[in-house]
Amino acid sequence: MNCILVLGGARSGKSRHAESLVTAEPGPWRYVATGRAWDDEMRLRIDAHRSQRGTGWNTVEAPVDLVSPLQCPEPVLIDCTTLWLTNLILNEDDVASATDRLLEALFRRSALTVLVGNEVGSGIVPENALARRFRDEAGLLHQKLARHARRVLFVVAGYALDMK
Amino acid sequence: MNCILVLGGARSGKSRHAESLVTAEPGPWRYVATGRAWDDEMRLRIDAHRSQRGTGWNTVEAPVDLVSPLQCPEPVLIDCTTLWLTNLILNEDDVASATDRLLEALFRRSALTVLVGNEVGSGIVPENALARRFRDEAGLLHQKLARHARRVLFVVAGYALDMK
Amino acid sequence: MNCILVLGGARSGKSRHAESLVTAEPGPWRYVATGRAWDDEMRLRIDAHRSQRGTGWNTVEAPVDLVSPLQCPEPVLIDCTTLWLTNLILNEDDVASATDRLLEALFRRSALTVLVGNEVGSGIVPENALARRFRDEAGLLHQKLARHARRVLFVVAGYALDMK
């Protein structure tokens with residue numbers, strides 16, 4: 001599977017690192033934004049990410065369905081798996097089958113796909129049951145993606161370690 | 001000390017990785033479960049872990065006393081240090097002397113012992129004082145174990161980095 | 001820039017590791033403490049750190065202004081960037097310009113400076129807006145420092161990985 005998984009904490013520089021992996025391929029490139037601008041804070045965050053990227057990117061908003069945006073010959077950046085998972089859970093979608101469909105779509109592609117995900121499991125156990133479930137699902141999702149990815153990177157302060 | 005410490009976030013794949021280190025030794029193997037099934041969520045989690053392991057494992061439940069279950073010639077997996085620490089704190093046991101007893105028991109063994117622990121100190125400082133104390137104690141415990149372990153691994157999405 | 005950034009979770013052993021990097025240089029050494037002893041818990045933590053350090057250290061308390069304490073020929077340890085950031089935010093100071101002043105002061109030094117910072121972005125997204133802002137600012141600060149540092153280390157259980 002021509003896929004790289006880039007994991008890291010919040011504001012670790014993982015998106016920027018992932019972008020550099022995609023733009024190392026010939027453009028144009030497709031940026032798949034999974035975040036939903038449901039409030040001003042989120043809108044500001046999305047706009048800031050968008051303005052940081054240069055030209056050559058086509059942005060597709062895909063909060064839930066990742067299969068259609070992957071049907072293209074261009075290198076794709078999916079940013080990020082954890083917001084996608086949030087949307088699935090809020091929609092009460094079946095996470096396991098959505099993950100299977102994502103993996104199938106990734107296997108069908110020949111161009112590079114880079115997936116960005118937040119590490120969310122290295123703090124104290126959350127008191128909130130939904131947060132615990134989210135933390136578990138995120139960890140399992142990243143393990144599944146990592147198993148099939150050809151590279152797995154862990155980013156700290158803008159620098160990446162090769163895990164796989 | 002013939003001991004490997006495997007650290008990682010929640011659902012990072014650290015238990016599975018630790019199991020593979022133990023089963024690389026000739027069996028049978030002893031699985032020391034420190035988790036207490038105090039509610040349905042915990043019972044489900046324990047059962048899921050148990051069913052993932054294959055045959056050849058003898059499971060011992062040891063929420064507080066880790067010295068007795070280590071008195072055996074088999075390779076042992078202790079899963080996990082952070083649930084053990086939780087139990088010590090809830091019991092109002094002395095953590096420092098329990099840790100010393102654990103280290104002595106580990107030094108007396110010749111077979112491999114693999115210890116799994118949760119990284120819990122990489123989130124925001126918790127508002128709850130008990131959570132802050134737990135976070136501090138977990139960090140200190142892992143530093144003490146790491147100092148004497150012959151290997152220390154950090155697991156992200158199922159892949160392990162050698163720290164020591 | 002003759003600067004090393006040491007990142008890690010709470011109680012990961014990052015301060016002790018950073019101290020060993022400083023004391024590998026000829027002394028005396030300057031310890032710049034950014035923590036404010038605003039309650040007993042914090043006072044105990046500061047005293048414990050101070051008593052762990054040996055002789056040869058001159059301690060300077062610098063909760064907000066890091067420029068003056070860096071105007072010296074000695075190797076300096078700044079412990080830590082995340083408490084400094086907390087103080088800036090509580091003071092309603094401009095974080096971006098304070099960071100620029102810090103970077104300028106670091107560039108003017110020829111002796112080694114080691115900066116310790118807490119990784120705070122690898123847990124669940126905090127519900128509290130101020131905590132989210134702090135988490136974002138900490139990540140951005142560490143990325144900026146890392147870009148100019150000659151080494152970036154990530155510490156887990158007392159052992160350090162070279163990120164850069």
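Author: Gladly! Let us begin with how packing is described: axes are lines fitted to C-alpha atoms, for helices over the stretch in contact, and angles between N-to-C directions run from 0 to 180 degrees. Helices (H or I, at least four residues) and strands (E, at least two) are DSSP runs, numbered from the N terminus. This is a predicted model, where local features need pLDDT of at least 70 and side-chain atom pairs count only at pLDDT 80 or more, while totals for chains, interfaces and linings use all residues. Residues are numbered from 1 along each chain as its sequence is written, chains are lettered from A and ligands numbered from 1 in the order in which they are written, and side-chain values use heavy atoms, leaving out hydrogens and water.

Reader: At what angle do helix H3 and helix H5 of chain A pack?

Author: Helix H3 (residues 81–90) and helix H5 (residues 129–148) of chain A pack at about 130°, and their axes are 10 Å apart.

Reader: Why is H3(A) called oblique to H5(A)?

Author: Angles under 35 degrees count as roughly parallel, over 145 as roughly antiparallel, 65 to 115 as roughly perpendicular, and the rest as oblique. An angle of about 130° belongs to the rest, so H3(A) is oblique to H5(A).

Reader: Which residues of H3(A) and H5(A) meet?

Author: Contact means heavy atoms within 4.5 Å. On the H3(A) side there are A:Thr81, A:Thr82, A:Trp84, A:Leu85, A:Thr86 and A:Ile89, and they meet A:Leu130, A:Arg133, A:Phe134, A:Glu137, A:Ala138, A:Leu141, A:His142 and A:Leu145 in H5(A). Eight of the residues in this contact of H3(A) with H5(A) are nonpolar, four are polar and two are charged. For these classes, Ala, Val, Leu, Ile, Met, Phe, Trp, Tyr, Cys and Pro count as nonpolar, Asp, Glu, Lys and Arg as charged, and the others, Gly among them, as polar.

Reader: Is A:Glu137 buried or exposed, and how do you know?

Author: Buried means under 20% relative accessible area, exposed means over 50%, and partly exposed lies in between (1.4 Å probe, protein chains only). A:Glu137 has 19% relative accessibility, so it counts as buried. A:Glu137 lies in helix H5 of chain A, and, not counting residues up to four places away in sequence, it touches A:Leu85, A:Ile89 and A:Val95.

Reader: Let us turn to chain B. What makes H3(B) oblique to H4(B)?

Author: Helix H3 (residues 81–90) and helix H4 (residues 95–108) of chain B pack at about 135°, with their axes 10 Å apart. That angle makes H3(B) oblique to H4(B). The contact joins B:Trp84, B:Leu85, B:Leu88 and B:Ile89 of H3(B) to B:Val95, B:Ala98, B:Thr99 and B:Leu102 of H4(B). Seven residues of this contact of H3(B) with H4(B) are nonpolar, one is polar and none is charged.

Reader: How do you know whether B:Glu92 is buried or exposed?

Author: B:Glu92 has a relative accessible area of 73%, so it is exposed. B:Glu92 sits in the loop between H3 and H4 of chain B. Its phi is near 60°, a positive value in a residue other than glycine.

Reader: And what about B:Val120: buried or exposed?

Author: With 5% relative accessibility, B:Val120 counts as buried. B:Val120 is in the loop between strand S5 (113–118) and helix H5 (129–148) of chain B. Leaving aside neighbours within four places in sequence, its contacts are A:Ser122, A:Gly123, A:Ile124, B:Phe134, B:Arg135 and B:Ala138. B:Val120 and B:Phe134 are 14 residues apart in sequence and 8.9 Å apart in space, C-alpha to C-alpha.

Reader: In chain C, what makes H3(C) mostly covered?

Author: Seven of the 10 residues of H3(C) are buried: C:Thr81, C:Thr82, C:Trp84, C:Leu85, C:Asn87, C:Leu88 and C:Ile89. What covers them includes helix H4 (95–108), strand S5 (113–118) and helix H5 (129–148) of chain C. Just after H3(C), C:Glu92 takes a positive phi of about 60°.

Reader: Where is C:Ala157 found, and is it buried or exposed?

Author: C:Ala157 lies in the loop between strand S6 (151–156) and strand S7 (159–162) of chain C. Its relative accessible area is 6%, so C:Ala157 is buried. C:Ala157 also has a positive phi of about 50°, although it is not a glycine.
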